[in-house]
Amino acid sequence: MTDAALHALPKVELHCHLELAFRRSTLQSWALAKGMTVAHEAEFNREFLVTEPMADLPAVLHKFLNTRDVIDTEEKVEQLTYEVCEDMHLESNVRVLELRYAPSFLLDAHANMDADRMLEAILRGIRRAEASYPMAVGLIGLLQRIKSVEDNARWCDWILERKAHFVGLDLADDEVAYPAQPFAPLFQKAKAQGLGITVHAGEPNVPGAAENILIALDELGADRIGHGVQAIQDDSVIDRLVRESVPLELCPWSNVLTQAVPSLAAHPFRRLMECGVRTTLNTDDPGVMNVTLMDECNNVMNHLGLSLENLRQCNEWARQASFIPQDRIDAVWPKSQP
Ligand SMILES: [Zn+2]
């Protein structure tokens, strides 16, 4: 199997955080312009990249916040968005791309920015990419569970008032200290208005994480699960995912870096797939985690023995699970596959 054959496989990326999906050279030039000492590779990596498993969450957070500090204008947000799309397509032949972002994340650090201007900048970046490459790109609004229900209710309404520009709603951040249930009414409201629902659940390797998947399904109405890797700990959760054909947005390299799994070889991607779960392959934070979708394909092939045919099946599940309207997907999906 050559890299060319793998690249030729048309791909779907469902789980990518826009704010952390920067192109390295661009972020480096922005950071240098702000006076940061990141001219050398090691310096840049120390400030912005997670390159090895981190037990220490503050050390990871430091890199997220550095990234946030540097993305400080709407112009940069437009360029960031365009480049994420372009890199996904050129490096990995991604045809269907869902990008998620939390309006509150960048705005909290930059009083000069405005939520509507930022959304317009993201949409400009997406439109330019869709005009340049055969891609369908959709936007998922992200609520942060570390914030109050009131704050999130405001952002949920903001997203719903602009729902022509969003395909879905997500809940992210620490699922251990911040239960999902208080946010259920917001997700039920968004679901009733036609948005696709995905929820970060079952990610960290802690007791009870698998149950968070059931809460996401039963109380928040999730159509897909962000990560869900800990489903492997509970047969009843696996049965439920199989019975209801619920796709998991799995991100193997991210799981290694956050120590959700001990290693790529120990990742349950293949075991879940063999149980009949609709496993999809994604990058999570390709900039900060320095990973492409091609890398993730190679990870599951080299460490777990997946075949190109397995990956074709996973991309087919992902294509079916996308929140982007099917006619937009059909327009960019190759008619005859290699
Ligand atoms: Zn995520």
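## A residue in helix H4

Let's start with Asn66, which touches Met36, Glu47 and Phe48, leaving aside residues up to four places away in sequence; contact here means heavy atoms within 4.5 Å. Asn66 lies in helix H4 (residues 57–70). Helices (H or I, at least four residues) and strands (E, at least two) are DSSP runs, numbered from the N terminus. With a relative accessible area of 11%, Asn66 is buried. Buried means under 20% relative accessible area, exposed over 50%, and partly exposed in between, using a 1.4 Å probe and protein chains only.

## About the model

This is a predicted model, in which local features need pLDDT of at least 70 and side-chain atom pairs count only at pLDDT 80 or more, while totals for chains, interfaces and linings use all residues. Residues are numbered from 1 along each chain as its sequence is written, and side-chain values use heavy atoms, with hydrogens and water left out.

## The sheet

Eight strands form an open sheet in the order E1-E2-E3-E4-E5-E6-E7-E8, with parallel pairing. E1 and E8 stand at the edges with a single partner strand each, so one side of each has no neighbour in the sheet. On average, neighbouring strands of this sheet are turned by 25° against each other, direction ignored. Angles in general run from 0 to 180 degrees between N-to-C directions, and axes are lines fitted to C-alpha atoms, for helices over the stretch in contact.

Two strands pair if DSSP finds at least two bridges between them. E1 and strand E2 (residues 94–101) pair in the parallel sense over five bridges, and the bridge partner of Val12 in E2 is Val96. E1 is mostly covered, as seven of its seven residues are buried. Further along, strand E3 (residues 136–144) and strand E4 (residues 168–172) also pair in the parallel sense over five bridges, and here Gln144 stands opposite Ala172 in E4. Helix H5 (residues 74–92) packs on the sheet, touching E1, E2 and E3, and its direction makes about 145° with that of E2. Helix H10 (residues 209–218) packs on the sheet as well, touching strand E5 (196–201) and strand E6 (224–227); the direction of H10 makes about 160° with that of E5.

## Strand E7 and Pro247

Pro247 is found in strand E7 (residues 247–250). Two bridges join E6 to E7, and these strands run parallel; Gly226 stands opposite Glu249 in E7. In a regular strand the side chains alternate between the two faces of the sheet. In E7, Pro247 and Glu249 point one way and Leu248 and Leu250 the other way, and all are buried.

Pro247 itself has 7% relative accessibility and therefore counts as buried. Not counting residues up to four places away in sequence, Pro247 touches Asp223, Arg224, Ile225, Arg278, Thr280 and Ala321. One of these contacts, Thr280, is 33 residues from Pro247 along the chain, yet their C-alpha atoms are separated by 6.9 Å.

## The zinc site

Which residues coordinate the zinc ion? The donor atoms come from His15 (NE2), His17 (NE2), His200 (NE2) and Asp284 (OD), at 2.1 to 2.5 Å. Donors are N, O and S atoms within 2.8 Å of the metal (3.2 Å for Na, K and Ca), and water is not among the atoms, so sites may look incomplete. Along the chain, the donors follow the spacing H-x1-H-x182-H-x83-D.

The four donor atoms subtend angles of 84 to 169° around the zinc ion, so the arrangement is irregular. Four donors count as tetrahedral if all angles lie between 85 and 135 degrees; four count as square planar and six as octahedral if opposite donors are over 155 degrees apart and all others between 65 and 115; anything else is irregular. His15 is buried at a relative accessible area of 0%, and Asp284 is buried at 5%.

## Cysteines

A search of the whole structure finds zero disulfides, a disulfide being a pair of cysteine sulfur atoms within 2.5 Å. The sulfur of Cys16 is 8.7 Å from the closest cysteine sulfur, in Cys85, which is too far for a bond. Cys16 is buried at 0% relative accessible area, and Cys85 also counts as buried at 0% relative accessibility.

## Two loop residues with positive phi

Phi of Asp173 is near 80°, a positive value in a residue other than glycine. Asp173 is in the loop between E4 and helix H9 (184–192) and counts as partly exposed at 30% relative accessibility. Asn290, in the loop between E8 and H14, has a phi near 55°, a positive value in a residue other than glycine. With a relative accessible area of 49%, Asn290 is partly exposed.
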